[in-house]
Structures are given as structure tokens and as C-alpha cells.
Amino acid sequence: MMRILIILAVLGMALPAAAQTRYSVYCANNKIEVDSRTPEQMRSARGSGACLLQSFNFATDARDFARRNFGGEGSRCSCR
């Protein structure tokens, strides 16, 4: 019984961290990017020319959104 409680406690600590991973579609320096960084991390890495367009729980959803709405990763975009 103690072993089960330990396993559940470890899983309980691991699941919230995994659930927080978000995949976002950004316009960064006039090109579409899909990335798991937060908007703050993205602006730090790409400068003020980065803006968040949409966030998703799964990378495939983010890539599909980027493809359907902007032509896919690497396509031209604007933060205006």
C-alpha cells in the first residue's frame, strides 16, 4: 500500500509540469514560428519583433493552425 502511495505522489508531482507545456504560434521577425517558449522568453530570444498569435496544448495543433491560417512555419507575417 505504501508503494502505491509513493507512486501516486510522484505522478502527481510530474503531471502538472507536463500539463503546463504549451505550444504557441508566434510571428517573430516577420516569420511564423511554432515554439514551446513563453511569450516573455520568445521576446527575449527574438527581440521586440515577436508577438504571440495563438497557444495550444499540442505541437501538432499549433502547426496545423500556422499552416491553415498563415501558410505554415516560415511564412511571412506582421505583428501590427
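This is a predicted model: local features need pLDDT of at least 70, side-chain atom pairs count only at pLDDT 80 or more; totals for chains, interfaces and linings use all residues.
**Exercise 1. What is the handedness of the disulfide of Cys27 and Cys77, right-handed or left-handed?**

Step 1. The sulfur atoms of Cys27 and Cys77 lie 2.1 Å apart; a pair of cysteine sulfur atoms within 2.5 Å counts as a disulfide.

Step 2. About the S-S bond of Cys27 and Cys77 the torsion is about 95 degrees, so this disulfide is right-handed.

Step 3. The bond joins distant parts of the chain, with Cys27 in strand E1 and Cys77 in the segment after H3, 50 residues apart.

Step 4. Buried means under 20% relative accessible area. Cys27, with a value of 0%, is therefore buried, and Cys77, with 14%, is buried as well.

**Exercise 2. Characterise the disulfide of Cys51 and Cys79, and state the pattern of the disulfides of the chain.**

*Solution.* 

Step 1. Cys51 and Cys79 have sulfur atoms 2.2 Å apart and form a disulfide.

Step 2. Here the S-S torsion is about -95 degrees, so the disulfide of Cys51 and Cys79 is left-handed.

Step 3. Because Cys51 lies in strand E3 and Cys79 in the segment after H3, the pair ties together parts that are 28 residues apart in sequence.

Step 4. Cys51 has a relative accessibility of 17% and counts as buried, whereas Cys79, at 37%, is partly exposed.

Step 5. The count of disulfides comes to two. With bonded cysteines counted along the chain, their pattern is 1-3, 2-4.

**Exercise 3. Determine the strand order of the sheet and describe how E1 pairs with E2 and with E3.**

*Solution.* 

Step 1. Strands of a sheet pair through backbone hydrogen bonds, either parallel or antiparallel.

Step 2. Strand E1 and strand E2 (residues 31-35) pair in the antiparallel sense over five bridges. Within this pairing, Val25 has Val34 of E2 as its bridge partner.

Step 3. E1 and E2 form a hairpin with two residues between them, and Asn29 in the turn has a positive phi of about 50 degrees.

Step 4. With strand E3 (residues 50-56), E1 pairs in the antiparallel sense over six bridges. Leu52 in E3 is the bridge partner of Tyr26.

Step 5. E2 and E3 are the edge strands, each pairing on one side only. From one strand to the next, the twist averages 25 degrees.

Step 6. Five of the six residues of E1 (residues 23-28) are buried, so this strand is largely enclosed by the rest of the structure.

**Exercise 4. Which residues make up the largest nonpolar core, and which element gives the most to this core?**

*Solution.* 

Step 1. In soluble globular proteins, nonpolar side chains tend to be buried together.

Step 2. The largest nonpolar core has 10 residues: Val25, Cys27, Ile32, Val34, Cys51, Phe56, Ala62, Phe65, Ala66 and Cys77.

Step 3. E1, E2, E3 and helix H3 (59-70) are the elements that give two or more residues to this core. H3 gives the most, with three residues.

Step 4. Leaving aside its neighbours within four places in sequence, Val34 is in contact with Ser24, Val25, Ala62, Arg63, Ala66 and Glu73.

Technical notes. Residues are numbered from 1 along each chain as its sequence is written. Side-chain values use heavy atoms; hydrogens and water are left out. Buried means under 20% relative accessible area, exposed over 50%, partly exposed in between (1.4 Å probe, protein chains only). Helices (H or I, at least four residues) and strands (E, at least two) are DSSP runs, numbered from the N terminus. Two strands pair if DSSP finds at least two bridges between them. A nonpolar core is a set of buried Ala, Val, Leu, Ile, Met, Phe, Trp, Tyr and Cys residues joined through side-chain atoms within 4.5 Å. Contact means heavy atoms within 4.5 Å. Axes are lines fitted to C-alpha atoms, for helices over the stretch in contact, and angles run from 0 to 180 degrees between N-to-C directions.
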